[in-house]
Amino acid sequence: MDDRISVTRRSLLVSSAALTTALAGCSGNESAEPSDNSDEEETSGEEESSDPSEQEEEETSDDSTPSLSEFEYPEGATQDGIAGEQLYATHESTLTGAGSLTLTRDRTDVFDGNEFSETSSNKFDSNSIYREVEQSDGTEYIWAPESESVSYVQVESGFDQTYRIDNQQPDTNEVTGLRQFRQYLTATEWGGAEEIVETANGFAATYTSTGVRNPERINFGGEIDEYEASIAVTDSGFVTDLSFDLTVTFDGTTQGRRLTATVENVGETTVSEPDWGDTAREDGFQFDISLIEGGSAFEMELVNGGEVPSDTRIRLRSDQGDGGQRVPSALSVGDQLYLGLSDTNELLIDTEQVPDGVTQLNGRTTVRLRLSSRLLFEHVERL
């Protein structure tokens, strides 16, 4: 992804300027004097007999949806079509200037006949990020205050709750949807505007895809079999709705992704500390982790939280393979683990030193600890 779209928290400061619309009305001359009493009575009678349906019709006409030709298109969008890069630049600058937003997203990935679904709600302002991510095995609630370099997480699975502290904050391009909106706005060939609809964000023009312009941006490395997309573009300068349905073939396997995303409450979203914030600070599992031995092993230390049970599973995945097993014993604050992969991708663990037989790790490397379906720790590093 182009580095130009990387958006930091501090660059998304709340703008002091706000768009306002002034509605002005006019009235007739009420000071004119009637010539006599009969005129007064006649005027009064006419007022009483005015048809309420006509007044309602006038009000409706004043607030009616604009036609396609009357709609005020933002830069990058016209009645005839869309310039993807230009519209994305308008979308990005509008959200950046507003400084806060709410993004809701429903995503379904299909792989070899199996479906994985995720629903997320993301709130962003200049002080904090708050996310709710719901999957089939549970829900994560993530709060990341700007004043700290960590994220606090509450994990719910069934009737169980656990807490963890991640050593990094959520990617703002993911939370705000900027990466995904740019990806699909610029990869798609768009037709002309189809209709003007009223949304929670004001009036918007709708468009649907007519083809793919930059297939390399959305094809997962395979060949695109089917692709449909639609968007709604507001007159205030951002894309409020994005949806697509994509199917590709990769190494003979069919993969697909369906997504609907909505941006709303632009400039009006606020994030506050959740009521479980102090509990997460005190009880959240947190590990310090570092790569050692020239990139062939990790050293981990539990630095916060209660006891990590002995049935917790740990997995190390790198480009050459992955391996996993249970932790050697229950872990308490101050306990350390050393782990790496053998040349046959067996996970090697020791509590005192780097295990014998570890091999060089490479590429995208991930360390995860799970207790049943709950994620207790995750670390990703590119080597």
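Strand β15 (residues 313-318) runs antiparallel to strand β19 (residues 364-371), and five bridges hold the pairing. This is a predicted model, so keep that in mind throughout. One of the bridges can be picked out by its residues: arginine 313 has arginine 370 of β19 as its partner.

β19 also pairs with strand β20 (residues 374-382), again in the antiparallel sense, over eight bridges. Here valine 367 finds its bridge partner in histidine 379 of β20. The two strands make a hairpin with two residues between them, and serine 372 in that turn has a positive phi of about 60°.

Have a look at asparagine 362, in the loop that links β18 (347-350) to β19. Is asparagine 362 buried, exposed or partly exposed? Its relative accessible area is 34%, so it falls between the 20% and 50% cut-offs and is partly exposed.

Leaving out residues up to four places away in sequence, asparagine 362 touches Ser318, Asp319, Gln320 and Leu383. With glutamine 320 there is a side-chain to side-chain polar contact of 3.3 Å. Arginine 317 is 45 residues from asparagine 362 in sequence, with 9.7 Å between their C-alpha atoms.

## Two nonpolar cores

The largest nonpolar core has 35 residues, and Ile82, Leu87, Tyr207, Ile231, Val233 and Val263 have the most contacts inside it. Two or more residues each come from α3 (84-98), β1 (101-111), α5 (178-187), β9 (202-212), β10 (223-234), β11 (239-250) and β12 (253-264). Another core lies apart from this one; it has 22 residues, including Met300, Leu337, Leu341 and Leu361.

How many aromatic pairs turn up in the whole structure? The search finds five. In one of them, tyrosine 163 and tryptophan 276 have ring centres 6.3 Å apart and planes at 40°, so the pair counts as tilted. Tyrosine 163 sits in strand β6 (residues 160-166) and tryptophan 276 in the loop between β12 and α6 (277-283), so the pair ties together parts 113 residues apart in sequence.

How values were computed: Residues numbered from 1 in each chain as written. Predicted model: local features only at pLDDT ≥ 70, side-chain atom pairs only at ≥ 80, totals over all residues. Heavy atoms only, no water. Core = buried A, V, L, I, M, F, W, Y, C linked by side-chain atoms within 4.5 Å. Buried < 20%, exposed > 50% of the residue type's maximum accessible area, 1.4 Å probe, protein only. Helix = DSSP H or I, 4+ residues; strand = E, 2+ residues; numbered from the N terminus. Pairing = 2+ DSSP bridges. Contact = heavy atoms within 4.5 Å. Polar contact = N/O pair within 3.5 Å; in protein donor to acceptor, adjacent residues only side chain to side chain. Phe/Tyr/Trp six-rings, centres within 6.5 Å; stacked < 30°, edge-to-face > 60°.
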